[in-house]
Amino acid sequence: MIDQHSLVSRGRRDARLLTPIAYLACVECGKRYQPSPDLYVCHDCGLRGILDVSYAYDRAHISRESLAADPERSIWRYLPLLPITQTETIPDLHVGWTPLYHARRLGEQLGLRQLYIKDDGRNPTGSFKDRASALGVAKGREFGRRTITCASTGNAASSLAGFAACAGVETYIFVPAGAPEAKVTQLLVYGAHVLLVDGSYDEAYYLCNEAAERFGWYNRNCAINPYLIEGKKTVGFEICEQFDWVVPDRVIMAVGDGCSIAGAAKAFRELMQLGLTDRVPRMTGVQAEGCAPLTLAFERNEEPVTLRPQTLADSIAVGEPRNARKALDAIRSSGGTMVSVSDEAILEAMTFLARATGVFGEPAGTAALAGLRQLVERGEIDPDERVVVVVTGNGLKDIKSAQRVAGTASHIRPVLADVERVLEGMA
Ligand SMILES: *Cc1c(COP(=O)(O)O)cnc(C)c1O
Ligand SMILES: [Zn+2]
């Protein structure tokens, strides 16, 4: 039997749903550009001049009704607000429409009645990054590129490798040598060319951008490629739809470069602009104490300074955040906040989350919950606030961290007497 809502439906996406891009605008100077294959950042502002996509919104065929009638259960249901110009290059691998759980037991333990978990570890390669990679691969193919590259602490890489494999595109991936083994293995399984860089994520990032330019590869780095954040924003569309258009009071997520939270915030703004909703949730960003340049910048109202990351939450170990402006603007203008949490709190949140909900998140994913816990303890969350915690990555990605808090198994012989002994020990 063919499931109407399965992968099969993607090829049937109707190109008439596409909306033209009006322009791309530099976040620093406002200069406008028309899309072209070699355009990444503003020519005047360089790497800081990240470009933001604007559509011809008055021509977007999207409404609550059109969405309700659409059987597509993936990010591609938001085609009218995605920056692609053809539907043939969309990779088949399913992405998005991840579950949003009302986490009642977890909420009770925190004294919150309306706590929700968005489980983005359910994406095909196990993280939120899949939302961006799907767009990256679609755009790369649209621009006729045969090879795509990225630098990553792990998830963006494995995600790109998965979507590229699905589309038959070659990848070169720059990963800091300290990345968790599972993530590197995942890359190799997908057939990516993996370059383990003896250096930090930041060093891998610069090297990757240089290589992309030299060899003519399509660059999937999120802070440089204007289209990827458009994929990330789909999480915000989904949250609104899954709540039947009641915008939550707060959305909490982990922050590294800042692209993810900025993307989510953009979705809420666009829905408001289109008249589908009437407000933006308080966007709340969480960083690890050992690497919190954006939290510090937020608190001091200053530009972020570069730090040397020291945290086990590898996915947010970004010492030099690339999307600081977009992220901080989004958080400030929404009335949100930023916090930082210790590695210990992140690990504690891992078992806390798993044991109350069945959702197993990687450290960056559970950092968001640790951040919420801190805000609750400080009395900054109302018990009736509707809060969404986005768990951005799957816990199986980083078993070593999980082992530190998981506890140990009881080793026994295959006899009932041993089982009894264990039960007595537990009693
Ligand atoms: C990349 C990532 C983040 C942070 O996203 P940024 O865009 O870098 O802020 C959070 N959680 C996970 C699991 C990630 O892979
Ligand atoms: Zn500029």
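Predicted model: local features only at pLDDT ≥ 70, side-chain atom pairs only at ≥ 80, totals over all residues.
Two strands count as paired if DSSP finds at least two bridges between them.

I begin with strand 10, residues 250-254. Five bridges join strand 10 to strand 11, residues 282-288, and the two strands run parallel. Within this pair, R250 stands opposite R282 of strand 11.

Is strand 10 buried or exposed? Five of its five residues are buried, so strand 10 is largely enclosed by the rest of the structure. In a regular strand, side chains alternate between the two faces of the sheet. In strand 10, both faces are covered: R250, I252 and A254 are buried on one side, and V251 and M253 are buried on the other.

I now move to ligand 1. Which of the 16 residues around ligand 1 come nearest? They are K129, G256, D257, G258 and T392. For K129, a polar side-chain atom lies 2.8 Å from an oxygen atom of the ligand. For D257, a backbone N or O atom lies 2.8 Å from a ligand oxygen atom. G258 likewise places a backbone N or O atom 2.7 Å from an oxygen atom of ligand 1.

My next element is helix 6, residues 201-215. Helix 6 has 15 residues and reaches 21 Å from its first C-alpha to its last, close to the 21 Å expected at 1.5 Å a residue. Its buried residues are Y201, D202, A204, Y205, C208, N209, A211 and A212. An α-helix has 3.6 residues a turn, so residues three or four places apart point the same way. The buried residues of helix 6 pack against strand 6 (147-151), strand 7 (170-176), strand 8 (193-197) and strand 9 (218-219). After the helix comes G216, with a positive phi near 75°.

Strand 1, residues 21-26, pairs with strand 2 over two bridges, and L24 stands opposite Y33 of strand 2.

Thank you for your attention.

Notes
Residues numbered from 1 in each chain as written. Chains lettered and ligands numbered in written order. Heavy atoms only, no water. Buried < 20%, exposed > 50% of the residue type's maximum accessible area, 1.4 Å probe, protein only. Helix = DSSP H or I, 4+ residues; strand = E, 2+ residues; numbered from the N terminus. Expected span 1.5 Å × (residues − 1). Contact = heavy atoms within 4.5 Å. Near = heavy atom within 4 Å. Polar contact = N/O pair within 3.5 Å; in protein donor to acceptor, adjacent residues only side chain to side chain.
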